[in-house]
Amino acid sequence: TLRSNEPVHRAQAWHQGQQFIHQGFDKSRVPTLLYSVGTLQVEDRLEPSAHRGLKRTLRISVSPSSGSKQPNVWLRPHVGKTLRIRDTHTHTDENGLTVSVSTGRTHPGKLVTIGGTMEWRIPFTISDQATVEMDYRW
């Protein structure tokens with residue numbers, strides 16, 4: 001829902017604790033979304049990838065108001081009816097969508113099934129800032 005006294009770019013987000021801040025273009029004219037999730041600030045970029053797909057880059061930072069807390073985060077890069085592990089950083093769903101994640105971490109995450117849907121979840125702790133790149137290919 002939108003607050004009637006706020007501009008569209010300050011719309012309330014889809015879940016409590018999340019807020020959409022801004023939509024625009026960065027210096028390279030790449031579409032960029034800025035939003036917050038709890039104490040995290042997220043810059044979300046989407047652009048063509050070198051693999052004939054889309055590359056999504058998340059730059060996640062801890063809000064200065066959080067003090068010295070280092071939040072634990074679960075990244076959920078892929079959801080589907082079925083997910084097949086191709087390697088520790090790549091999964092493919094039943095429709096052929098393949099998602100690869102580069103987090104700079106060695107933990108491959110885990111597959112979780114909830115209500116007949118599989119989710120690939122990757123845990124990590126953000127000390128100051130983290131960058132995650134996801135490559136989507138069909």
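Predicted model: local features only at pLDDT ≥ 70, side-chain atom pairs only at ≥ 80, totals over all residues.
**The whole chain**

Begin with the entire chain displayed as a cartoon. The chain contains zero helices and eleven strands, and its pattern along the sequence is therefore written β-β-β-β-β-β-β-β-β-β-β. Of its 138 residues, 38% count as buried. Among contacts between residues at least 6 apart in sequence, 43% join residues at least 24 apart.

**Confidence**

Next, colour the chain by pLDDT. The mean for the chain is 81, and 81% of the residues reach 70 or more. Select residues 1–15: pLDDT stays under 50 over this stretch, for which the model has 16 contacts beyond four places in sequence. Then compare two strands. Among the elements of the chain, β1 (residues 18–25) has the lowest mean pLDDT, 76, while β7 has the highest, 96.

**The largest nonpolar core**

Now select Leu 58, Ile 60, Leu 75, Val 101, Phe 124, Ile 126 and Val 132, and show their side chains. The largest nonpolar core has 21 residues, and these seven touch the most other members. Which strands each supply at least two residues of this core? They are β3 (40–48), β4 (54–62), β5 (72–80), β8 (98–102), β10 (117–125) and β11 (129–137). In soluble globular proteins, nonpolar side chains tend to be buried together.

Keep Ile 60 in view and display its surroundings. Leaving aside residues up to four places away in sequence, Ile 60 touches Leu 40, Gln 41 and Val 42, together with Phe 124, Ile 126, Asp 128, Gln 129 and Ala 130.

**An open sheet of three strands**

Select β5, β9 and β10 next. They make up an open sheet with the order β5-β10-β9 and antiparallel pairing. The edge strands are β5 and β9 (110–114), each of which pairs on one side only. Neighbouring strands of this sheet are turned by 35° against each other on average, direction ignored.

Hide β5 and look at the remaining pair. Strands β9 and β10 run antiparallel and are joined by five bridges.

**Thr 90**

Move to Thr 90, which is found in strand β7 (residues 90–93). Is this residue buried or exposed? Thr 90 counts as buried because its relative accessibility is 7%, below the 20% cut-off. Its side chain makes a polar contact with the side chain of Ser 100, at 3.0 Å. Show the other neighbours as well: not counting residues up to four places away in sequence, Thr 90 touches Arg 84, Ile 85, Thr 98, Val 99, Ser 100, Trp 120 and Arg 137.

**Arg 52**

Finish at Arg 52, in the loop between β3 and β4. With a relative accessibility of 81%, Arg 52 counts as exposed, the cut-off for that class being over 50%. Arg 52 and Tyr 136 are 84 residues apart in sequence and 8.7 Å apart in space.

Notes: Residues numbered from 1 in each chain as written. Heavy atoms only, no water. Core = buried A, V, L, I, M, F, W, Y, C linked by side-chain atoms within 4.5 Å. Buried < 20%, exposed > 50% of the residue type's maximum accessible area, 1.4 Å probe, protein only. Helix = DSSP H or I, 4+ residues; strand = E, 2+ residues; numbered from the N terminus. Contact = heavy atoms within 4.5 Å. Polar contact = N/O pair within 3.5 Å; in protein donor to acceptor, adjacent residues only side chain to side chain. Pairing = 2+ DSSP bridges. Axes fitted to C-alpha atoms, helices over the stretch in contact; angles between N-to-C directions. pLDDT = per-residue confidence, 0-100.
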